Amino acid sequence: MNISANNPNLKSWVTVPANSDFPIQNLPFGIFSEGANDKRVGVALGDKIIDLYQLASFGYLNNTSFSASDFEQDTLNAMMLKGKAANRILRNRISEIFEESNDELKKNEQHVAQILSNQKDCELHLPVQIGDYTDFYSSEQHAYNVGCMFRDPNNALLPNWKHIPVGYHGRSSSIVVSGTPFHRPMGQLKPSPEEDPIFAPCRLLDFELEMAFITFQGKPLGERISTEEADEYIFGMTLFNDWSARDIQKWEYIPLGPFLAKNFASHMSPWIVTLDALEPFRTSGPVQDPKVLPYLEYKGDKHIDINIEMGIQPEGTSETVVTKSNYKHMYWNMNQQLAHHSVNGCNINCGDTMASGTISGPTEGSYGSMLEISWAGSKSVKMADGTERKFIQDNDTVIMRGYSEKDGVRVGFGEVSAKVLPAK
Ligand code: CA
C-alpha cells in the first residue's frame, strides 16, 4: 500500500513554521489533554495538535477502521491494536484532510476550532502503555569504548558481540514522559576495591543517548518474527534517554547484568513518529563481518538516518550541546533486534518498547554518554556558564533532540528533557 502521506511536495493549510519537526509529512501520534478535558489521541502538525477524537466524532474518519472511542484513550494501545495496515490508512487520511487543496474541513471554522489545539496550551502524556521494555547494546563504537575503558583495547568487544544483538530485559514501570523530574538515585556504591560498600547518592549519574521503537501486537508465544516481517510489527520510534548510575552499575552488575543502576528512570519523548514517516530516511548499515546466522540476515536498507544530540542545561543558565550522533551508526538494526528477540518463541505485545542502546558515532564529539565523553571521568566538558561536567549534577536539565532530513523535508521527534533533583 502506498504511503501517500510521505509525498515531499505536500503542504498543509495549517501554517507550519520553517524548521518545525512536525510538517504534514510527519504526523506523529501522542496522548494529550487540554485544561480539564480527558486525555485523547492527538497528532502534531506544526504548532498545533489535531484532536483525533473530535476529527472522528465529526465523521472525517468514517472510511477508516477507527471510531471516536478509539481516540478517547489514555494511551495509543487501542489504536495500535488495529495493526500496521489500518494505521497507515489512518495517517494517509489525516494527511489528505489537512493537505492545502482539500476544503472539506478547512472551510468549516466551527469544526476547525474544535479539532485543532495549540501545543503550548496542552499537556503531553506518556503515549503508550508499555508492557515490556528491552534494552539492546547495538552501537559498535559504544561497546568498543566501554570495552576499552573497562577491559582491553585489543579485546574491547566480547566474543558474542558481532554474532548476537546483545540485550537485557529492563523495567517498564519507571519509563516516564519528557518533562518529568526525578531524584538522583540512592544505592550501594563501592568507591574503591579496598573499602566496604556504602549506601549513598549515586555520584556518577549519566545519560544514554538512545532511540526506542514501539511494537504492534506480535505473534503468539512460540512463533518467531523474521527480519523480513519485522517492519509489519513496528509502529514507530521515540527519543529515549536511558539514565544510568555508573557507580551503582559497576558494583551490582556481576554476574547478571544491570539492575538498580538502570531502573530508576528512563525518559521517552511524547510523540511517536511512525516507521511509515521514517521510510524516506532509510539508509544502508555497516557490512557485518563475520557473517551473521541466517535468521539475522536481512535485505534492503534497514537502518535509518536520524540526527540526534544531547545538551546539558545547568540551573538558571543556557544549554550546552555535549554530543551529536546519528541512529544510522547502529551495527544491528531494528529488524535484526526483533528477529533475535523472538527467535526462541518469545512473544511480543502491543506497546512493547525496545531501546537501541547508547548510540555513539565514530568521533569524540559523537559519543552517546558522559562515561565516554569524559572517558570514565578522566576529562571534563566545559559548559556555557563556565562550570565543568564529567557526569550529571543535581538540578541539571538534560535535553535530547532528533530529526531526519531529506529533499527539503524535516521529520523530527521534538525533544525529551528531564531535570535531575537532589537525592531523597
Ligand atoms: Ca541503555
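Where is Pro290 found? I looked it up: Pro290 is in the loop between strand S18 (282-283) and strand S19 (303-304). My labels follow DSSP runs, numbered from the N terminus, with helices being H or I of at least four residues and strands being E of at least two.

Ground rules before I go on. This is a predicted model, where local features need pLDDT of at least 70, side-chain atom pairs count only at pLDDT 80 or more, and totals for chains, interfaces and linings use all residues. Residues are numbered from 1 along each chain as its sequence is written, and side-chain values use heavy atoms, with hydrogens and water left out.

Backbone entry. I checked the bond from Asp289 into Pro290, and the peptide is cis, with omega near 10°. Ile254 and Pro255 are also joined by a cis peptide bond, omega about 5°. Pro255 lies in the loop between helix H6 (246-252) and strand S16 (266-268). I also noted Asn19, a non-glycine residue with a positive phi, near 70°. Asn19 belongs to the segment before S1.

Metal entry. Which residues coordinate the calcium ion? I found Asp135 (OD), Glu208 (OE), Glu210 (OE) and Asp242 (OD), at 2.2 to 2.3 Å. Donors here are N, O and S atoms within 2.8 Å of the metal (3.2 Å for Na, K and Ca); water is not among the atoms, so sites may look incomplete. I wrote down the donor spacing in sequence as D-x72-E-x1-E-x31-D. Asp135 sits in strand S6 (residues 133-136) and Asp242 in the loop between strand S14 (234-241) and strand S15 (244-245), so this pair, 107 residues apart, links distant parts of the chain.

Domain entry. I have domain 1 at 4-125 and domain 2 at 133-421, with bounds from an automatic or database domain assignment. Their centres, taken over C-alpha atoms, are 29 Å apart. In the contact (heavy atoms within 4.5 Å) I get 29 residues from domain 1 and 29 residues from domain 2.

The two domains bury about 2300 Å² between them, with 62% from carbon and sulfur atoms. Buried area is the accessible area (1.4 Å probe) that two parts lose on being put together, summed over both. Asp21, Met80 and Lys84 give 29% of what domain 1 buries against domain 2, more than any other three residues.

How many salt bridges cross this interface? The rule finds 3, taking a side-chain nitrogen of Lys or Arg within 4 Å of a carboxyl oxygen of Asp or Glu. I also looked at Arg88 and Asp276, whose side chains meet in a salt bridge (2.8 Å, N to O).
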